[in-house]
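Reader: Hi! I have a new structure open and would like to walk through it. Could you help me?

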Amino acid sequence: MKNYDKAFTFIQDRFLSDEIEKHGLKNKKTRALIRLACLTAIQTTGDIPLRVKEAVEAGATVTEIKETLYQTAPYIGYPKVTEALAAVNSELEKMGMDTEENDQSTTTDETRFDKGLAVQVEIFGENVIYPMRDNAPAETKHIQDCLSAHCFGDYYTRGTLDLKMRELITFVAICSIGGCESQAKAHVAANINVGNTKQLLIQALTTCLPYIGYPRTLNGLSCIDI
(Lines give C-alpha, C1' and ligand atoms only; values in the text may rest on other atoms or scores of the structure.)
Protein backbone atom coordinates (compact mmCIF):
# COMPACT_ATOMS: atom_id res chain seq x y z
CA MET A 1 0.00 0.00 0.00
CA LYS A 2 1.34 3.39 -1.00
CA ASN A 3 2.12 5.71 1.89
CA TYR A 4 0.72 9.16 1.10
CA ASP A 5 1.70 10.57 4.51
CA LYS A 6 5.37 9.77 4.93
CA ALA A 7 6.10 12.81 7.13
CA PHE A 8 3.28 11.92 9.51
CA THR A 9 4.35 8.27 9.61
CA PHE A 10 7.94 9.30 10.34
CA ILE A 11 6.88 11.47 13.31
CA GLN A 12 4.64 8.72 14.65
CA ASP A 13 7.22 5.93 14.31
CA ARG A 14 9.96 8.05 15.87
CA PHE A 15 7.73 8.91 18.84
CA LEU A 16 6.82 5.25 19.39
CA SER A 17 10.37 3.97 19.05
CA ASP A 18 12.05 6.75 21.05
CA GLU A 19 10.05 8.41 23.85
CA ILE A 20 7.37 5.75 24.30
CA GLU A 21 9.84 2.87 24.14
CA LYS A 22 12.09 4.62 26.67
CA HIS A 23 9.45 5.67 29.19
CA GLY A 24 6.61 3.21 28.67
CA LEU A 25 6.06 -0.30 30.02
CA LYS A 26 9.22 -2.42 29.91
CA ASN A 27 7.73 -5.92 29.95
CA LYS A 28 6.90 -6.73 26.33
CA LYS A 29 3.93 -8.97 27.07
CA THR A 30 2.39 -6.54 29.54
CA ARG A 31 2.95 -3.70 27.09
CA ALA A 32 1.21 -5.58 24.27
CA LEU A 33 -1.77 -6.54 26.45
CA ILE A 34 -2.17 -3.00 27.77
CA ARG A 35 -2.12 -1.67 24.22
CA LEU A 36 -4.90 -4.11 23.34
CA ALA A 37 -6.92 -2.95 26.36
CA CYS A 38 -6.44 0.68 25.35
CA LEU A 39 -7.40 0.10 21.71
CA THR A 40 -10.49 -1.81 22.82
CA ALA A 41 -11.50 1.04 25.13
CA ILE A 42 -11.23 3.68 22.40
CA GLN A 43 -12.83 1.35 19.83
CA THR A 44 -9.92 1.58 17.41
CA THR A 45 -9.78 -1.89 15.93
CA GLY A 46 -7.57 -1.13 12.91
CA ASP A 47 -4.39 -1.45 14.98
CA ILE A 48 -5.52 -4.57 16.82
CA PRO A 49 -4.10 -7.15 14.36
CA LEU A 50 -0.60 -5.70 14.78
CA ARG A 51 -0.95 -5.73 18.56
CA VAL A 52 -2.24 -9.30 18.58
CA LYS A 53 0.91 -10.35 16.70
CA GLU A 54 2.97 -8.32 19.14
CA ALA A 55 1.32 -10.03 22.11
CA VAL A 56 1.78 -13.53 20.70
CA GLU A 57 5.42 -12.84 19.84
CA ALA A 58 5.92 -11.61 23.42
CA GLY A 59 4.61 -14.91 24.78
CA ALA A 60 0.97 -14.08 25.50
CA THR A 61 -1.48 -16.94 25.19
CA VAL A 62 -4.84 -16.72 23.47
CA THR A 63 -6.48 -16.89 26.88
CA GLU A 64 -4.40 -13.98 28.20
CA ILE A 65 -5.35 -11.90 25.18
CA LYS A 66 -9.03 -12.74 25.50
CA GLU A 67 -9.10 -12.16 29.26
CA THR A 68 -7.51 -8.75 28.76
CA LEU A 69 -10.38 -7.69 26.52
CA TYR A 70 -13.00 -9.31 28.75
CA GLN A 71 -11.70 -7.36 31.75
CA THR A 72 -12.47 -4.04 30.05
CA ALA A 73 -16.15 -4.87 29.49
CA PRO A 74 -17.63 -3.59 32.79
CA TYR A 75 -15.90 -0.25 32.26
CA ILE A 76 -16.35 0.45 28.56
CA GLY A 77 -19.47 -1.58 27.65
CA TYR A 78 -20.07 -4.74 25.67
CA PRO A 79 -20.32 -3.38 22.08
CA LYS A 80 -16.72 -2.11 22.08
CA VAL A 81 -15.40 -5.40 23.43
CA THR A 82 -17.46 -7.41 20.94
CA GLU A 83 -16.00 -5.45 18.01
CA ALA A 84 -12.47 -5.78 19.36
CA LEU A 85 -12.89 -9.51 19.90
CA ALA A 86 -13.99 -9.90 16.27
CA ALA A 87 -10.73 -8.25 15.17
CA VAL A 88 -8.71 -10.42 17.57
CA ASN A 89 -10.37 -13.64 16.43
CA SER A 90 -9.89 -12.75 12.77
CA GLU A 91 -6.17 -12.16 13.30
CA LEU A 92 -5.71 -15.31 15.36
CA GLU A 93 -7.35 -17.33 12.59
CA LYS A 94 -5.00 -15.74 10.03
CA MET A 95 -2.10 -16.76 12.26
CA GLY A 96 -3.40 -20.34 12.32
CA MET A 97 -4.12 -20.25 16.04
CA ASP A 98 -7.05 -21.68 17.96
CA THR A 99 -9.39 -18.83 18.85
CA GLU A 100 -11.02 -20.66 21.76
CA GLU A 101 -9.90 -19.97 25.31
CA ASN A 102 -10.23 -22.34 28.23
CA ASP A 103 -13.13 -21.37 30.50
CA GLN A 104 -11.70 -19.20 33.27
CA SER A 105 -14.86 -18.81 35.34
CA THR A 106 -14.56 -19.71 39.04
CA THR A 107 -18.08 -18.78 40.16
CA THR A 108 -21.63 -20.05 39.84
CA ASP A 109 -24.97 -18.25 39.90
CA GLU A 110 -25.07 -18.95 43.61
CA THR A 111 -21.53 -17.75 44.44
CA ARG A 112 -20.82 -14.85 42.06
CA PHE A 113 -22.19 -12.18 44.40
CA ASP A 114 -20.39 -13.38 47.53
CA LYS A 115 -17.11 -13.98 45.73
CA GLY A 116 -17.37 -10.66 43.94
CA LEU A 117 -18.02 -8.78 47.17
CA ALA A 118 -15.06 -10.55 48.76
CA VAL A 119 -12.80 -9.37 45.92
CA GLN A 120 -14.13 -5.82 46.24
CA VAL A 121 -13.28 -5.83 49.93
CA GLU A 122 -9.85 -7.32 49.23
CA ILE A 123 -9.05 -4.61 46.69
CA PHE A 124 -10.65 -1.53 48.26
CA GLY A 125 -11.05 -2.44 51.94
CA GLU A 126 -14.05 -2.86 54.24
CA ASN A 127 -14.04 0.82 55.16
CA VAL A 128 -14.73 1.72 51.51
CA ILE A 129 -17.04 -1.01 50.23
CA TYR A 130 -19.45 -1.54 53.12
CA PRO A 131 -20.23 2.18 53.64
CA MET A 132 -20.66 2.60 49.88
CA ARG A 133 -23.21 -0.20 49.85
CA ASP A 134 -24.95 0.90 53.06
CA ASN A 135 -25.24 4.54 51.98
CA ALA A 136 -26.56 3.87 48.49
CA PRO A 137 -30.15 5.18 47.96
CA ALA A 138 -32.75 2.42 47.93
CA GLU A 139 -33.49 2.94 44.24
CA THR A 140 -29.84 2.38 43.30
CA LYS A 141 -28.93 -0.53 45.58
CA HIS A 142 -29.31 -2.86 42.62
CA ILE A 143 -26.34 -1.09 41.00
CA GLN A 144 -24.22 -1.91 44.04
CA ASP A 145 -25.32 -5.53 43.76
CA CYS A 146 -24.44 -5.50 40.06
CA LEU A 147 -20.97 -4.16 40.88
CA SER A 148 -20.37 -7.01 43.29
CA ALA A 149 -21.88 -9.86 41.30
CA HIS A 150 -21.16 -8.75 37.74
CA CYS A 151 -18.16 -6.42 37.64
CA PHE A 152 -16.19 -8.20 40.34
CA GLY A 153 -17.87 -11.62 40.59
CA ASP A 154 -17.98 -12.30 36.86
CA TYR A 155 -14.61 -10.79 35.92
CA TYR A 156 -12.16 -10.26 38.78
CA THR A 157 -12.59 -13.84 39.98
CA ARG A 158 -11.64 -15.32 36.61
CA GLY A 159 -8.39 -17.20 36.15
CA THR A 160 -5.20 -16.59 34.12
CA LEU A 161 -4.80 -12.87 34.93
CA ASP A 162 -4.07 -11.98 38.55
CA LEU A 163 -5.55 -9.03 40.45
CA LYS A 164 -2.51 -6.85 39.71
CA MET A 165 -2.94 -7.27 35.97
CA ARG A 166 -6.70 -6.93 36.10
CA GLU A 167 -6.44 -3.69 38.07
CA LEU A 168 -3.82 -2.33 35.66
CA ILE A 169 -6.11 -3.11 32.72
CA THR A 170 -9.03 -1.47 34.51
CA PHE A 171 -7.06 1.71 35.21
CA VAL A 172 -5.95 1.95 31.59
CA ALA A 173 -9.46 1.34 30.26
CA ILE A 174 -10.96 4.04 32.50
CA CYS A 175 -8.29 6.59 31.58
CA SER A 176 -8.61 5.75 27.90
CA ILE A 177 -12.32 6.53 27.68
CA GLY A 178 -11.82 9.77 29.64
CA GLY A 179 -14.23 11.75 31.79
CA CYS A 180 -14.12 9.24 34.64
CA GLU A 181 -11.46 10.80 36.85
CA SER A 182 -13.16 9.93 40.15
CA GLN A 183 -13.21 6.26 39.14
CA ALA A 184 -9.63 6.52 37.90
CA LYS A 185 -8.56 7.86 41.31
CA ALA A 186 -10.34 4.99 43.05
CA HIS A 187 -8.52 2.50 40.86
CA VAL A 188 -5.18 4.17 41.46
CA ALA A 189 -5.72 3.32 45.13
CA ALA A 190 -6.87 -0.16 44.14
CA ASN A 191 -3.73 -0.71 42.07
CA ILE A 192 -1.53 0.33 44.97
CA ASN A 193 -3.51 -1.92 47.32
CA VAL A 194 -2.93 -5.01 45.15
CA GLY A 195 0.79 -4.30 44.74
CA ASN A 196 1.22 -2.21 41.60
CA THR A 197 3.42 0.87 41.86
CA LYS A 198 2.80 4.47 40.85
CA GLN A 199 5.71 4.16 38.45
CA LEU A 200 3.99 1.22 36.73
CA LEU A 201 0.80 3.27 36.35
CA ILE A 202 2.79 6.13 34.83
CA GLN A 203 4.50 3.73 32.43
CA ALA A 204 1.11 2.27 31.44
CA LEU A 205 -0.29 5.72 30.69
CA THR A 206 2.85 6.56 28.73
CA THR A 207 2.35 3.42 26.66
CA CYS A 208 -1.23 4.53 25.93
CA LEU A 209 -0.32 8.15 25.14
CA PRO A 210 0.03 7.70 21.36
CA TYR A 211 -3.48 6.23 21.23
CA ILE A 212 -5.43 8.42 23.66
CA GLY A 213 -3.58 11.74 23.27
CA TYR A 214 -2.27 14.20 25.83
CA PRO A 215 -5.53 15.45 27.42
CA ARG A 216 -6.63 12.00 28.61
CA THR A 217 -3.07 11.06 29.52
CA LEU A 218 -2.64 14.21 31.62
CA ASN A 219 -6.03 13.67 33.26
CA GLY A 220 -4.93 10.14 34.12
CA LEU A 221 -1.65 11.40 35.57
CA SER A 222 -3.56 13.92 37.69
CA CYS A 223 -5.31 10.98 39.36
CA ILE A 224 -1.99 9.55 40.52
CA ASP A 225 -0.72 11.11 43.73
CA ILE A 226 2.84 11.60 42.50
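Reader: Is phenylalanine 124 buried or exposed?

Author: Phenylalanine 124 counts as buried because its relative accessibility is 16%. Buried means under 20% relative accessible area, exposed means over 50%, and partly exposed is in between, using a 1.4 Å probe and protein chains only. Before we go on: this is a predicted model, where local features need pLDDT of at least 70 and side-chain atom pairs count only at pLDDT 80 or more, while totals for chains, interfaces and linings use all residues. Residues are numbered from 1 along each chain as its sequence is written, and side-chain values use heavy atoms, with hydrogens and water left out.

Reader: Thanks! How many aromatic pairs does the structure hold?

Author: There are 2 aromatic pairs in the structure. In one, the ring centres of phenylalanine 124 and phenylalanine 152 are 6.1 Å apart and the planes meet at 85 degrees, so this pair is edge-to-face. Rings of Phe, Tyr and Trp (its six-membered ring) pair if their centres lie within 6.5 Å; planes under 30 degrees apart are stacked, over 60 edge-to-face, and the rest tilted.

Reader: Where do phenylalanine 124 and phenylalanine 152 lie?

Author: Phenylalanine 124 is in helix H6 (residues 112–124) and phenylalanine 152 is in helix H8 (residues 141–156), so the pair ties together parts that are 28 residues apart in sequence. Helices (H or I, at least four residues) and strands (E, at least two) are DSSP runs, numbered from the N terminus.

Reader: And what about phenylalanine 152, buried or exposed?

Author: Phenylalanine 152 is buried, with a relative accessible area of 4%. Phenylalanine 152 also forms a stacked aromatic pair with tyrosine 156, at 4.5 Å centre to centre and 20 degrees between the planes. Those two residues sit 4 residues apart in helix H8, about one turn of the helix. Together, Phe124, Phe152 and Tyr156 make one aromatic cluster.

Reader: New topic! At what angle do helix H1 and helix H11 pack?

Author: The angle between helix H1 (residues 6–23) and helix H11 (residues 198–222) is about 145 degrees, and their axes are 7 Å apart. H1 brings Phe15, Leu16, Ile20 and His23 to the contact, and H11 brings Gln203, Thr206, Thr207, Leu209, Pro210, Tyr211 and Tyr214. By class, the contact of H1 with H11 has 7 nonpolar, 4 polar and no charged residues. Some terms: axes are lines fitted to C-alpha atoms, for helices over the stretch in contact, and angles run from 0 to 180 degrees between N-to-C directions. Contact means heavy atoms within 4.5 Å. Ala, Val, Leu, Ile, Met, Phe, Trp, Tyr, Cys and Pro count as nonpolar, Asp, Glu, Lys and Arg as charged, and the others, Gly among them, as polar.

Reader: What counts as a pocket or a cavity?

Author: On a 1 Å grid over the protein atoms alone, a cavity is a set of points where a 1.4 Å probe fits but cannot get out, while a pocket is an open set with protein on both sides within 12 Å along at least five of seven lines; lining residues have an atom within 4 Å of a point. Grid points are joined across faces, edges and corners, and a volume is the space filled by probe spheres set on the points.

Reader: And what volume has the second largest pocket?

Author: The second largest pocket has about 290 Å³. It is lined by 14 residues, with Gln12, Leu16, Asp47, Pro210 and Tyr211 closest to its centre. H1 gives the most to this lining, 6 residues. The classes here are 9 nonpolar, 2 polar and 3 charged.

Reader: How many cavities of 30 Å³ or more are there?

Author: The structure has 1 cavity of 30 Å³ or more. The largest cavity holds about 50 Å³ of space. Its lining includes Ile174, Cys180 and Arg216.

Reader: Last one: where is threonine 107?

Author: Threonine 107 is in the loop between H5 and H6. Threonine 107 is buried, with a relative accessible area of 15%. Leaving out residues up to four places away in sequence, threonine 107 touches Arg112, Lys115, Gly153, Asp154 and Thr157.
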